[in-house]
Amino acid sequence: MKLKFTILGCTSSFGVPYPGNDWGVCDPHEPKNRRTRCSLLIQSETTTLIVDTGADFREQMNRYNIKNLDAVFYTHKHADHTAGIDDLRIYAVRNKEKLTAYMNEETSLEVLRNKSYIFKQEHASHPAILSPYILQPFETVEVGDIAVQTHVLDHAVLNAVGYRFGNTAYSVDMKDIAEEKSFDALEGIDTWIVDAGAYHRTSFSLHATFDKIIELNKRIGAQRVILTSLSNHIDYKVASQEIPEGFEIAYDGLCVESVS
Ligand SMILES: [Zn+2]
C-alpha cells in the first residue's frame, strides 16, 4: 500500500521565527528555516489523517489545500500540538458527522476540562465536533485503509503517543523511547520522523538530543531519520551539513512516500 506523508510543521512551541522575528542562529533568507508548529499529514488513495493540530493548523490546511480529514490523532496534550483543535469544526461540518479524535486518556481529560463543547453539545446551534477514542498503549486502530500502530514516548512530564503507519513512524514529542515494547512496535521501520528538539544540546529535560537519536536508531535501524521539533537554534543548511548520511533536517512541506 502506498502512503504519502507531509510534514506540515516541524517546530516546537515558539515557532520559527520566534515572535518578534527572532531567528536565533537561523538564516532568515533560507525558506526551510520558516517553521510552523509540529504536525503530520498522512494520505492514502482514499483516506486522509492528521497528527496534531497546533496553533498553525488553519494556516497549514490552507497552505496544503486540505479540504477533508477522516480522523485526527493526538500525540499529547501540550498546547503547541492541540491549540488549533477548534478549527477542526469545518471538517466535522463537511463530513456531516463528528470526527474521531484518537488520543490517550490524559489528552482527552485535558480537552474535556478546557473545551468540553468539543466533545459534548452544549447549545442547539453549537454541535460537538469530535468523538474521542481513547487509545490504550500499543493499540493498533484502522481508519479507512490505513492501519495505525501506537508506541509510547517519554516526554519527561508525560508519556506521549507515537504512531506507525506502514514502514514509517512518527515519534513526537519525546526525550526518549518509553517502555521496551515500543522498540518492538518500531521494529522494521525504514523511515523515522522523530523529535530532536534538543539537537543542539548535550542534555535537555523534554526533548531528545541528537546523540540520543543516534543511540536509539542503532537499535531501531531506520535507514532514513528525519529530525523534527526544531527551534531557532538549528539552521537548516548548517545542521544538514553536519549530520551523518541517513539523517535529515525536516522542513515544512517535506514529503515522504512509502510503499508497504
Ligand atoms: Zn510537548
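## Close-ups around strand 10

**View 1: Strand 10 and its partner, strand 12.** Ser 171 sits opposite Val 194 in strand 12. Strand 12 (residues 191-195) and strand 10 run parallel and are joined by four bridges; two strands count as paired if DSSP finds at least two bridges between them. Strands here are DSSP runs of E, at least two residues long, and helices are runs of H or I, at least four residues long, with numbering from the N terminus. This is a predicted model, where local features need pLDDT of at least 70 and side-chain atom pairs count only at pLDDT 80 or more, while totals for chains, interfaces and linings use all residues. Residues are numbered from 1 along each chain as its sequence is written.

**View 2: The hairpin of strands 9 and 10.** On this side, strand 9 (residues 159-165) runs antiparallel to strand 10, with three bridges joining them. Tyr 163 has Tyr 170 as its bridge partner in strand 10. Two residues lie between the strands of this hairpin, and Gly 166 takes a positive phi near 60 degrees.

View 3: Are the faces of strand 10 covered or open? Both are covered: Thr 168 and Tyr 170 are buried on one side, Ala 169 and Ser 171 on the other. Buried means that 20 or more other C-beta atoms lie within 10 Å of the residue's own, with C-beta atoms placed from the backbone; 12 or fewer makes a residue exposed, and anything in between is partly exposed.

**View 4: Stepping back to the chain.** The protein chain has seven helices and 15 strands. Buried residues make up 45% of its 260 residues. Its C-alpha trace spans about 55 × 45 × 35 Å along the principal axes.
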